[in-house]
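Student: Hi! Can you walk me through this one? I'd like to start with the strands.

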Amino acid sequence: MTLKVVISGVNLIEGGPLEVFKDCIRAFLAVKKISLVCLVNSGDLFEEFSPAAVTFLEFPAVKKNWLNRIRFEYFSAKALSRELQADIWLSMHDISPRVVAKKQYVYCHNPSPFYKSTLQDFLLDKKFFLFTYLYGYLYRLNIKSNSAVIVQQAWMAPFFKDLLSSPRVWVAQPTQQSLATNDTIEVPQQINTSCVSFFYPALPRSFKNFEVIFRALKILSQDDPAYLNRVKVLVTISGNENNYARWLRQEFGDLPAIVWLGRMSRDEVDAHYKNSDVVVFPSRLETWGLPISEAKALGKPLLLADLPYAHETLGDYSAACFFDPLNARNLAEKIVKIINGEHLFDTVSYLPYTDVLFLNSWDKLVSKIVEESEVGLRI
């Protein structure tokens, strides 16, 4: 018995989501008696896969605008599904399309519906502001057609369980085999240096919350300017990338403690991880928070936004401190303690939400999907 599997990722063209898509393809290819069809933006993104193993169908127009995306997911996909006659249809980009398939699944990794947009988000990034509201509705459309909803972090699960009125929510965290914590690294819980360097690797998006760090520095400049000579905050933006970055540079460009590095290569980012004293991550919205995993693997003390994604991404660790991402004074107080060499970073533990099925590798997830489909075909 050969299972016909369709994986739709027409909207995935770069970064982490594209790599997750490829991990999914590799896991399905490892299963015997699978006929695999992938719906993609461009086949050129998948040159590492043999055409003999995977059939790639290209839909470049879907990414051009949201009207094309909606038309594809809720109209074109249904006609295509009748032609392909899939046993399994897996949508890798949040939306549950209208399709005809024996088993349908959706991978929901975008946390936009959980984000509380602000007036600043609207003024500096209108597209993102509207996106946070749109996704709340898109997640709901056709959601109950899925045999299961797959989420990237467990804290998102209750939202989908309520939507489904069903416990059929699975957690499949990103596979980060290369980022396992090295147990031989001794992680410092206090910093003893004349000038403490903080590193924040992120793109200039309004939800990345650079301003809470910069406002904390401004508070230091007003309360005790001497501290500014003992701290450096290195950020991977230049201040001219977009409206948000330009606003940051205009508001905080006079603070000498900020080092505007700009966009860097992977090797340069890795070097700054290693050379920094503390990795700070104040983002208010993340699907995973990869820099947390990367810094943890290198044994760096972590100063993190006190939000569900950060606790779950970090897990158990020996040197972390959490702060209110909306409270610059709270962060300023913690920066002062770090500069003074106080024991601020402590061992933290994470107790995950347990009322869901965890499948923490693509191999396990794919095995579960295939197992359910084979059972369904035998009945």
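Tutor: Happy to! Let's begin with β11 and β12, which run parallel and are joined by 3 bridges. Keep in mind that this is a predicted model.

Student: Okay, and which residue stands opposite L304 in β12?

Tutor: That's F281. On the pairing with β8, β11 is again parallel, this time over 2 bridges. There, V279 in β11 is the bridge partner of F199.

Student: Which way do the β11 side chains point, and are they buried or exposed?

Tutor: V278 and V280 point one way, while V279 and F281 point the other way, and all of them are buried. In a regular strand, side chains alternate between the two faces of the sheet.

Student: Nice. What's the strand order in the whole sheet?

Tutor: The order is β10-β9-β8-β11-β12-β13-β14, an open sheet of 7 strands with mixed pairing. The edges are β10 (258–260) and β14 (346–348); each has a single partner strand, so one side of each has no neighbour in the sheet. On average, neighbouring strands are turned by 35° against each other, direction ignored.

Student: What packs on that sheet?

Tutor: Helix α11, residues 328–339, packs there and touches β8, β9, β11, β12 and β13. Its direction makes about 140° with that of β13.

Student: Switching topic: which residues have the most contacts inside the largest nonpolar core?

Tutor: F198 and L303 do, in a core of 63 residues. Helix α6 (residues 210–223) gives the largest share of this core, 8 residues.

Student: What does L303 touch, leaving aside its close neighbours in sequence?

Tutor: Beyond four places in sequence, L303 is in contact with F198, and also with V278, V279, V280 and F281, among others. Its contacts also include C321, F323, L331 and I338. Another core lies apart from that one, with 33 residues, among them C38, I88, Y105 and I150.

Student: How many residues of α9 are buried?

Tutor: In α9 (residues 290–297), 7 of the 8 residues are buried, so the helix is largely enclosed by the rest of the structure. The buried ones are P291, I292, S293, E294, A295, K296 and A297.

Student: What do they pack against?

Tutor: They pack against α8, β11, β12, α10 and β13. After α9 comes G299, whose phi is positive, near 75°.

Student: Now F131. Where is it?

Tutor: F131 is in helix α4, residues 126–140. Setting aside neighbours within four places in sequence, F131 is in contact with W66, N110 and S112. F131 and S112 are 19 residues apart in sequence, yet their C-alpha atoms are 7.2 Å apart in space.

Student: Why would residues three or four places apart point the same way?

Tutor: An α-helix has 3.6 residues a turn, so residues three or four places apart point the same way.

Methods: Residues are numbered from 1 along each chain as its sequence is written. This is a predicted model: local features need pLDDT of at least 70, side-chain atom pairs count only at pLDDT 80 or more; totals for chains, interfaces and linings use all residues. Side-chain values use heavy atoms; hydrogens and water are left out. Helices (H or I, at least four residues) and strands (E, at least two) are DSSP runs, numbered from the N terminus. Contact means heavy atoms within 4.5 Å. Two strands pair if DSSP finds at least two bridges between them. Axes are lines fitted to C-alpha atoms, for helices over the stretch in contact, and angles run from 0 to 180 degrees between N-to-C directions. A nonpolar core is a set of buried Ala, Val, Leu, Ile, Met, Phe, Trp, Tyr and Cys residues joined through side-chain atoms within 4.5 Å. Buried means under 20% relative accessible area, exposed over 50%, partly exposed in between (1.4 Å probe, protein chains only).
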